[in-house]
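Me: I would like to go through this model and ask, term by term, what lies behind the words used to describe it. Please set each value against its cut-off before you conclude.

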Amino acid sequence: MKAFVALLKIDLKLAARNRSVLFFNLLFPLVFFFMFAQMFDAKQGNIILLVVTMVTVIGILGNGLFGAGIRAVQEREENILRRYKVTPITPVPLIAASMITGVLIFLPTLVVILLLSCRVYGMAFPHNWLTLFVFVAVGTLAFRAIGSIVAAVVNTTQEATILTQLIYLPMLFLSGATIPLSVFPKWAQVLTQFVPATYLMNGIAGILQRGESLAQNWKSVVALLVTAIVALFIATKIFRWEKEEKLRGSAKLWVVAVLLPFLLLGGYQAWSKQELTKAKLLARDLRRGRSWLIENVRIFVGDGQVIENGSVLIRGGKIEKVYEGTAPDAKQLNAEKIEGSGKTVLPGLIDVHVHLGAPGGFYSDNARYADPKNPERALEAYLYSGVTAVRSAGDALDTMLNLRQQFGSGERLGTDLLFCGPMFTAEGGHGTEYFKNVPEAIRSRLLAQSVRIPKSAEEAHQQVDDLAAQGVNAIKIILEAGVPAYPFNRLDINLARAVADEARAKQLPVAVHTGSSQDVVDGVAIGASSIEHASAIPDATIAEMKAKGIAYDPTLSVVEGFTNFAKGDTSLLKRSLLQQAAPKDLLAGTEQALTSAKLKEYREAISKYPMSLADSSQNLIKAWQGGIILVTGSDAGNPLVMHGPTVQHEIELWVAAGIPVPVALQAATLNGARLLRIDNRVGTVVAGKEATLLLVDGNPLQDVKALSAISTVFFKGERVARADIFEQK
């Protein structure tokens, strides 16, 4: 230990006098710091976190590969190491002292970088700074150890320089330290998982951006520590005191042995994709952390208030401030300006009733119906269209759980997904008919994913409890007996009440699917949160719904869709925004199906179903005049109601029926958010809410079709690259 301490003191003194050491440990990182800060506009949003991460990784690489590797070779060639040979010192304390020296001379550089970031670029000092320092220390030890191996296996400074560059440059360019991993093609992203510096990059970024702990980065920590230990062991075994001692060229393969932990970890990551997913999430955090100022814009707040001329400041994924009139200059706010003259900003639109498992049209190729990517494509189409939250009203449970994890985490970019659990219905009730022609083995599985058929109140309670434990956002109850031509078994009202009671006990909203006016009466009686569809609402029930705060979702779009389908009318397919958002083969297949003889019998059957857009519109007007809370749902997935700009068209139908535009817009924003219980974060353009916004050309308050003239979509602070949203990998 005395020898180690003595060597450490000597090494620190020598390092302090060595200009190359000072360059690679202090000046080199600072040059990159200010260069990257200027290039990436580090005062903008949380970009400074990326700059700190990149510069820290570059500093560790320089410290280890140049500071330890080349310096040790130089000392051997200058016969400095020969002097130690005659002393009772083994290579172990000498190499260990070099590794610790690297840590001790680099940590002050990290402190300087953090302080500059705070003072010059407004970064908050990391609350988990100790975790950051420990991780950086482990990384520095590992790369000092790799540098020691390089020094041990080369015979000259020239060889050391070549081998160091062969290791350094791939790490520099394939780790994300200079080029973001998100811009790499998929095969290259997989290749980066074999690069040790990638784990440094992701680990430091996770600690800085997400407040991660060492435990959350345990694989990287273990790999770095194993590398340090293995490299130290090998370096001591092949250590040479004098330049006259030569090693064979095959000795350079020891470098591969040192990198073996990362070769194994890279293989695992190429299979699991965990680090690739993490890199994607970190990149998304940076995009969501940027600062924007939408200025000189009309603001529909969402609660009925309209600011005719104002500005919205977005920072860190939130609405930081809403200005009425003139706002400060964007540069003064360190934000990127978006000119909003002649435009309107409003909260992202909300569709409270969709079916992601159905396409809303017809494919020419029957295999396309079973494509598991269809629901993913639907969520992308909604966000493309400015519909930033949807509630699935009865799709397959496991599919919804998986989609919510992917899209909710930010791994995939698509609209905010909430969902009712499987539909509660009767044996032979509505919801079960979709699978009647499916083979029994498959049918049982599909029913288990899509419906719940309680036989007793106790079973109803248990089924609700199970769904609540899995994290569903609402419970859907079917109260419909169909019509004489298409009858269904109706869920017993006492069982329906048991389901609703348990849902309220679990603090879950209850959506009640209705057909007749009696269904509405019963739905209100059992304590619905929202009434879906409804052919008619009795006057007394309207007053009761108003008193209890029960929302009404008329779904005019599905009524129009069925009506047009029965007529073979293709006009709904011609809308510009729909043609941009919907799959091309779905549009083509649907247009063909509407006029084909193959579906003639189906169209004729639909035409006999008793539904009328005029009656549904009148029912909506009656509900509005009665003071009922209105929300927008489209029932997308049904014929001619394709996923995408559903809310825009639903609002157009409302306005055509006589609903004032501000009322319809509030239904599609604040009211929808309240029903889905997400109004604490979205639904209004006010400070503190998520920056999930829709910017449209024109004034939808004067011409509601302006809602389809989308200029920009913001989702959780990220300015959505709409042109690329369907190209996600």
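Reply: Gladly, and with the reminder that this is a predicted model.

Me: Where is Gln 269 found, and which residues does Gln 269 touch?

Reply: Gln 269 is found in helix α12, residues 260-272. Leaving out residues up to four places away in sequence, Gln 269 touches Gln 193, Tyr 199, Lys 219, Gln 274 and Glu 275.

Me: How do you know whether the span of helix α9 agrees with its 15 residues?

Reply: Helix α9 covers residues 196-210, and at 1.5 Å a residue its 15 residues should span 21 Å, where the expected span is 1.5 Å times one less than the number of residues. The end C-alpha atoms of α9 are 21 Å apart, so the two values agree. After α9 comes Gly 211, with a positive phi near 65 degrees.

Me: How do you know how α21 and α25 are oriented relative to each other?

Reply: The axes of α21 (residues 556-567) and α25 (residues 613-625) come within 9 Å and cross at roughly 170 degrees. Angles over 145 degrees count as roughly antiparallel, and α21 and α25 are therefore roughly antiparallel to each other. Leu 556, Val 559 and Glu 560 of α21 make the contact with Leu 613, Ser 616, Ser 617 and Leu 620 of α25. By class, this contact of α21 with α25 has four nonpolar, two polar and one charged residues.

Me: Which residues have the most contacts inside the largest nonpolar core?

Reply: That core has 79 residues, and those with the most contacts inside it are Leu 356, Ile 475, Ile 477, Ile 531, Met 545 and Tyr 552. A second, separate core of 77 residues includes Leu 61, Cys 118, Met 123 and Met 201.

Conventions
Residues numbered from 1 in each chain as written. Predicted model: local features only at pLDDT ≥ 70, side-chain atom pairs only at ≥ 80, totals over all residues. Heavy atoms only, no water. Helix = DSSP H or I, 4+ residues; strand = E, 2+ residues; numbered from the N terminus. Contact = heavy atoms within 4.5 Å. Core = buried A, V, L, I, M, F, W, Y, C linked by side-chain atoms within 4.5 Å. Buried < 20%, exposed > 50% of the residue type's maximum accessible area, 1.4 Å probe, protein only. Axes fitted to C-alpha atoms, helices over the stretch in contact; angles between N-to-C directions. Parallel < 35°, antiparallel > 145°, perpendicular 65-115°, else oblique. Nonpolar A, V, L, I, M, F, W, Y, C, P; charged D, E, K, R; others polar.
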